[in-house]
Protein chains: 2
Amino acid sequence: VRLRLVLEYDGTQFEGWQIQPGGARTVQAELEAAFQRIAGQRVRVRASGRTDAGVHAEAQVASVELETRLEPEVLCRALNACLPRDVAVTAVERAAADFDARRSSRSKLYRYAVWNDPARSPLRDRRFLHVPKPLDLAAMRRAARDLEGTHDFTCFQAARAGARTQVRTLERVAVLGRAGGEIRFEVQGKGFLRHMVRTLVGTLLEVGRGRRAADSLPALLAGRDRRRAGATAPAHGLTLVRVDY
Amino acid sequence: VRLRLVLEYDGTQFEGWQIQPGGARTVQAELEAAFQRIAGQRVRVRASGRTDAGVHAEAQVASVELETRLEPEVLCRALNACLPRDVAVTAVERAAADFDARRSSRSKLYRYAVWNDPARSPLRDRRFLHVPKPLDLAAMRRAARDLEGTHDFTCFQAARAGARTQVRTLERVAVLGRAGGEIRFEVQGKGFLRHMVRTLVGTLLEVGRGRRAADSLPALLAGRDRRRAGATAPAHGLTLVRVDY
């Protein structure tokens, strides 16, 4: 039977989603081990997309093909009893035979969280990037608008990533919150290049600090040169919020 | 000079506020060590109240007497550079010579956070108590009302605590949120007995689960018997939110 899983995880202690040779601690490895223990089968769990080391998920979606007569709710409880504290299955349901968490997805929503205050915030330490100096929200919003729509995003792609095309469509790039306090970047689109959201955020933060002009993004995109974009923002600020099908 | 400090900490890795013999990792010990390094003085830092092991603070207030010519903002940055990641000073200001964080406080607000959902929530794991079975919010709200005001709270006091009087006044006991999701208990008052907030919450949770009648709190208070109250709710759900002066 084909199953659709919804997963929540705190990425702090994971080497990302994807299973790796050598037994790195990854979300996929923990999940497949849990299925092995419960159903005695080696299965392959596919996610909507791979999250990097340190990236969190509120509702990652995954698909798996499993031979079982267990009801989805029973399977869900059994998985959670096996999984470590930093990952949980929040829903399990039967899916169409051709459901594939990656290929069937229509859109993904990522959130990048920033704590913009002179003082560190220990209670936000695991999920917010701390930016002590003031950020110009209006400038970041102005710049974000130029990223919406269909563009060649080569300038935001990790150096050695090998996607066939760098053209992607962003449905929405929003900057929420107020200067001095919690700021959230929301980026929604069908597909992303490797490190794209974090590099896009790193670039907008340079706009917010006044180190880059608010109207400079179209030229940056047109230049298709990773070296001219900003630094890749750290992984711990990023959360996969939702996947739509 | 007398200083007023505001502190934020993630209590997960602390053995509470108070310095202990034997070098336990406590917030007070970390702070006093930071002052020692910066100002070369052994000082005693006093908090508005001692938080237990595992309890968090969004804005604990502390007072200290220090000989220094450093400006408060400079001192704040220096302290944060010395302190570990899970505690930070969010404000430092000069205070009146008789300011004492504990004795001068008028009221403290505690929040207890519950994740009420069949599935665990890894992203809430450090700050929410997970209650998988449904809670009756209306019943908990009904019961909470009977705790507001001035009462003898002996029934909620830790077994071997030695306060002179068990009479305290709670200005507010609120149950916020909705069944199925995040629920927050807010308890505000001038002073609390040891474990009082956590035992009060543990008792309200029994009301929420239908194991205790919503109108049974007046008799429980009158009985002044700790053994008849509920279990002490775990520390990690509790946060000291604010202290008013």
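Across the interface of chain A and chain B in this predicted model, 14 residue pairs are found in polar contact, with both residues of each pair at pLDDT 80 or more. S4(A) gives the most, with four residues. By class, this side of chain A has 10 nonpolar, four polar and 10 charged residues.

**Interface of chain A and chain B**

- In contact with each other are 24 residues of chain A and 24 residues of chain B.
- Arg120(A), Pro122(A) and Leu123(A) are the residues of chain A that lose the most area to chain B, and together they make up 39% of what that side buries.
- About 1,800 Å² is buried between the two chains, and carbon and sulfur atoms give 49% of that area.
- The rule finds two salt bridges across the interface of chain A and chain B.
- One salt bridge joins the side chains of Asp125(A) and Arg85(B), with an N to O distance of 2.8 Å.

**Strand S9 of chain A and its partners**

- S9(A) covers residues 181-189 and is mostly covered, seven of its nine residues being buried.
- Strand S5 of chain A (residues 107-116) pairs with S9(A) in the antiparallel sense, over nine bridges.
- In S9(A), Glu186(A) is the residue that Arg111(A) stands opposite.
- Strand S8 of chain A (residues 167-177) also pairs with S9(A) in the antiparallel sense, here over seven bridges.
- Gly189(A) in S9(A) has Leu170(A) opposite.
- S8(A) and S9(A) form a hairpin with three residues between them.
- In the turn of this hairpin, Gly180(A) has a positive phi of about 75°.

**Ala174 of chain A**

- Ala174(A) is located in strand S8 of chain A.
- Ala174(A) counts as buried because its relative accessibility is 14%, and the cut-off for buried is under 20%.
- Apart from neighbours within four places in sequence, Ala174(A) is in contact with Arg184(A), Phe185(A) and Glu186(A).
- Glu206(A) is 32 residues from Ala174(A) along the chain, and the C-alpha atoms of the two are separated by 16 Å.

Key. Residues are numbered from 1 along each chain as its sequence is written. Chains are lettered from A and ligands numbered from 1 in the order in which they are written. This is a predicted model: local features need pLDDT of at least 70, side-chain atom pairs count only at pLDDT 80 or more; totals for chains, interfaces and linings use all residues. Side-chain values use heavy atoms; hydrogens and water are left out. Buried means under 20% relative accessible area, exposed over 50%, partly exposed in between (1.4 Å probe, protein chains only). Helices (H or I, at least four residues) and strands (E, at least two) are DSSP runs, numbered from the N terminus. Two strands pair if DSSP finds at least two bridges between them. Contact means heavy atoms within 4.5 Å. Buried area is the accessible area (1.4 Å probe) that two parts lose on being put together, summed over both. A salt bridge is a side-chain nitrogen of Lys or Arg within 4 Å of a carboxyl oxygen of Asp or Glu. A polar contact is a pair of N or O atoms within 3.5 Å; within protein, one must be able to donate a hydrogen and the other to accept it, and residues adjacent in sequence count only if both atoms are side-chain atoms. Ala, Val, Leu, Ile, Met, Phe, Trp, Tyr, Cys and Pro count as nonpolar, Asp, Glu, Lys and Arg as charged, and the others, Gly among them, as polar.
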